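Please look at the model below with its charged and nonpolar side chains in mind.

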Amino acid sequence: KDAEGAGEARTNLANLVAATRMQAEVDVIVDQRRPIDVIGSTSTAADLTFIGLPRPDGDIERFAAHLQFLIEQTRHLPAVAYVLAAEDVEFDRILS
């Protein structure tokens, strides 16, 4: 949401893409709308969109509801990877 952090984020993401040897375009967007609205309107032509998920805070039902909301809001996108960088998550409860 702020222009100052966009340059650093762009650099970090470009380094990550280079380290993984993927061919990808890094796009950091500064916008005041809700992130899901920005993603929904700017990723329609993307081959793959990565959406980071927050680490569950212990309330699995709330996390599952948030994930369902994201899935509904991004259903129109060609392909979406929902990325969770956390361990010890009860995926069977979330995805059921």
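A salt bridge, as the term is used here, is a side-chain nitrogen of Lys or Arg lying within 4 Å of a carboxyl oxygen of Asp or Glu. The structure is a predicted model, and a search through the whole of it finds four salt bridges. Side chains of opposite charge can pair when their charged atoms come close.

One of these pairs joins R75 to E72, whose closest N and O atoms are 2.5 Å apart; because the cut-off is within 4 Å, the pair counts as a salt bridge. R75 is exposed, with a relative accessible area of 53%, whereas E72 is partly exposed at 45%.

A salt bridge also links R62 with D57, where the N to O distance is 1.9 Å, and D57 is exposed, its relative accessible area being 53%. In the salt bridge between D31 and R33, the closest N and O atoms are 2.9 Å apart. D31 is partly exposed, with a relative accessible area of 21%, and R33 is likewise partly exposed, at 37% relative accessibility.

M22, L48, F50 and V83 make a nonpolar surface patch of about 370 Å². Among them, M22 lies in the loop that runs between helix 1 (3-20) and helix 2 (35-42).

Definitions and conventions. Residues are numbered from 1 along each chain as its sequence is written. This is a predicted model: local features need pLDDT of at least 70, side-chain atom pairs count only at pLDDT 80 or more; totals for chains, interfaces and linings use all residues. Side-chain values use heavy atoms; hydrogens and water are left out. Patches are made of residues with over 30% relative accessible area and no salt bridge: like charges are joined within 9 Å, nonpolar side chains (Val, Leu, Ile, Met, Phe, Trp, Tyr) within 5 Å. Accessible areas come from the Shrake-Rupley method with a 1.4 Å probe; for residues, only the protein chains shown count as cover. Helices (H or I, at least four residues) and strands (E, at least two) are DSSP runs, numbered from the N terminus. Buried means under 20% relative accessible area, exposed over 50%, partly exposed in between (1.4 Å probe, protein chains only).
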